[in-house]
Amino acid sequence: MKEITEIIRSYHQAIVDGKRMALATVVHVEGSSYRRPGARMLVTDDGQLTGAISGGCLEGDALRKALLAISQQKNKLVTYDTTDESDTTLGVQLGCNGIIHILFEPINVTQPDNPIELLKKVLVKRQNAVVITLFSLLSRTGKQPGTCFLHLQDDEILINNGQDLFSAEMLLAESKLAYQIGDSFFKLFETDRQPLTGFIEYFNTPPSLVIAGAGNDTIPLVDMAAVLGWDITVVDGRGSHATKQRFPKVTKVLVSKAEEVLKHVQTDSRTFFLLMTHNYNYDLALLKSLLIEDQYRYIGALGPKKKLERMFDDLLADDIEVSESQKARIYGPVGMDIGAETSEEIALSVLAEIKAVLNDKSGNSLREKAEPIHNRAVKPIEYSKDEKEEFLCAVQPVTT
C-alpha cells in the first residue's frame with residue numbers, strides 16, 4: 001500500500017506540473033524475480049520514477065518503454081527475460097531468474113476512472129479491495145485492456161475500459177472468488193477477439209498498529225512502521241507526550257484513559273497492539289479491555305516476563321482468568337530474539353515479530369526454508385505450444 005500511496009502522491013504532483021505519465025505494472029512472472037505481480041512504478045515524461053518494478057535492473061529500459069507508451073497513448077505489454085545467465089544486462093547479477101511481463105499504461109488525467117484513479121479508491125476507506133488487470137500474453141498486436149475493474153469490500157464497483165470485452169458479471173464473479181480465498185490469482189478469459197489473461201489482484205488493508213505509550217522509545221518504532229506503510233495510532237494518558245509534533249508520521253494521536261482507548265480506535269483483524277507506556281497500571285487496564293474484546297491476534301507487552309506474569313495474577317485477582325488461547329496471542333517479552341538492546345534495535349525486533357504473526361510465519365532464516373521464498377498461490381498462466389502457435393505469439397524476450 002505504501003508504494004501505491006507514493007504513486008498517487010506523485011500522480012497529483014505531475015498533474016499540477018502539467019506532466020504526462022504512464023503506469024508500469026508487473027502483471028505476470030514466470031520463474032523468480034525481485035518483484036512479484038502487483039509491483040508498480042509511475043513514470044513521468046521527464047523521467048521521474050516513483051515505485052519500482054525490479055531491483056533496479058529493468059528500470060532503465062522500462063523508462064524508455066513508458067515514454068513510448070506516453071508518446072503513442074497506447075497500452076503496451078513488454079516481456080523481459082532474465083533467465084539467460086550469459087546476459088548481465090537484465091538483472092542476472094541481482095539474482096533474477098525469470099520471465100517478467102510488464103504492462104505500460106499511459107494515464108489520461110481527464111478520464112475519471114483511469115488506472116491511478118481506480119487505485120486511489122483502494123485507499124479511500126480501510127477495507128479490502130480487488131483490482132482486475134487484463135492483458136494478452138499471446139498476442140503482440142492484440143488489445144491490452146489494462147487496469148479496468150475495481151470491486152471494494154462495501155460492494156462499490158468501478159469499471160474502466162474492460163466493459164467492451166465482456167460483461168461486468170464475469171469480472172465480478174472472479175472478484176468474489178478472490179474475496180473468498182483472500183488471495184490473488186490469474187484467470188484465462190476467452191473472448192471473440194482474443195484470449196486475455198486476467199490478474200485478479202486482492203488487496204488487504206495495511207496493518208494497523210496501536211501503540212500505547214508516547215515515550216522516546218516509541219519514536220523509532222513509529223518511524224520504521226511508517227516506512228512499511230502501516231496505519232499507526234499512538235495513545236497515552238499524558239497530553240504532554242502524545243502530540244502530533246512528537247509523532248508527525250502517525251495516522252492518529254490519542255490522549256485517553258486506558259479504559260476508553262477502544263472507544264476511539266477503529267479495529268479489525270489486522271490491528272495489532274503494543275503496551276509500552278512504562279506505566280504498569282495503564283498497561284494493565286488496557287490489557288484488561290483487550291481481553292474482554294477477545295478478538296485481537298497480537299498484543300505485545302514490553303518488559304520482562306515477570307511483569308506479564310504479574311499482570312495475569314492481578315487480572316485473576318479481579319476475577320479475569322486469562323485462558324491459554326488468550327495467552328497465545330499475548331507476546332511478552334515483545335519482539336524476536338535478535339539480541340536487540342537500543343530503542344532502534346528493539347523496534348526492528350518488534351516489527352519483525354508482528355510481520356511474522358501477520359503472515360503466519362515462524363521468523364526463521366530463509367536459508368532454512370525448503371520451498372520458494374514467495375507465496376506461490378499466485379500461479380502463472382501456462383499456455384501449451386499449440387496455443388502459442390495458434391495465436392502466432394511465442395513471446396520474444398526484450399533486451400536493452
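Colleague: I'm new to this one, so how are α1 and α3 set to each other?
Modeller: They are oblique to each other, a word for angles that are not under 35 degrees (roughly parallel), over 145 (roughly antiparallel) or 65 to 115 (roughly perpendicular). The axes of α1 (residues 2–17) and α3 come within 10 Å and cross at roughly 130°, with axes fitted to C-alpha atoms (for helices over the stretch in contact) and angles running from 0 to 180 degrees between N-to-C directions. This is a predicted model, where local features need pLDDT of at least 70 and side-chain atom pairs 80 or more, while totals for chains, interfaces and linings use all residues. Residues are numbered from 1 along each chain as written, and side-chain values use heavy atoms, without hydrogens or water.

Colleague: Which residues in α1 and α3 meet?
Modeller: From α1, Ile4, Thr5, Ile7, Ile8, Tyr11 and His12 meet Ile116, Glu117, Leu119, Lys120 and Leu123 of α3, where contact means heavy atoms within 4.5 Å.

Colleague: What do the side chains of Glu117 and Lys120 meet in?
Modeller: The side chains of Glu117 and Lys120 meet in a salt bridge at 3.3 Å, N to O (a Lys or Arg side-chain nitrogen within 4 Å of an Asp or Glu carboxyl oxygen). Because they lie three residues apart in α3 (residues 115–124), Glu117 and Lys120 are separated by about one helical turn. The structure as a whole holds 20 salt bridges.

Colleague: What does α3 pack on?
Modeller: That is an open sheet of five strands in the order β8-β7-β6-β10-β9, with antiparallel pairing; a pair needs at least two DSSP bridges, and helices (H or I, at least four residues) and strands (E, at least two) are DSSP runs numbered from the N terminus. The strands β8 (157–159) and β9 (185–190) stand at the edges with a single partner each, so one side of each has no neighbour in the sheet. Neighbouring strands here are turned by 20° against each other on average, direction ignored. Helix α3 touches β6 (129–135), β7, β8 and β10 (195–203), and its direction makes about 20° with that of β7. Helix α4 (residues 168–181) lies across β6, β7, β8, β9 and β10, and runs at about 60° to β7.

Colleague: How many bridges join β7 to β8?
Modeller: Three bridges join strand β7 (residues 146–152) to β8, and the two run antiparallel; Phe149 has Ile159 in β8 as its bridge partner.

Colleague: Switching topic, what order does the sheet of six strands have?
Modeller: That open sheet runs β13-β12-β11-β14-β15-β16, with parallel pairing, and its edge strands, β13 (252–255) and β16 (330–331), each pair on one side only. Four bridges join β12 (residues 231–236) to β13, which run parallel, and Val235 stands opposite Leu254 in β13.

Colleague: Which helix lies across β11, β12, β14, β15 and β16?
Modeller: Helix α7 (residues 280–293) does, and it runs at about 155° to β14 (271–275). Helix α7 also packs with α8 (residues 305–317) at an angle of about 60°, the axes being 11 Å apart. Among the residues meeting there are Tyr280 and Leu287 in α7, and Met311 and Leu315 in α8.

Colleague: And at what angle do α5 and α10 pack?
Modeller: Helix α5 (residues 218–227) and helix α10 (residues 343–358) pack at about 45°, with their axes 8 Å apart, which makes α5 oblique to α10. Pro220, Leu221, Met224 and Ala225 in α5 meet residues of α10 including Ser343, Glu344 and Leu351.
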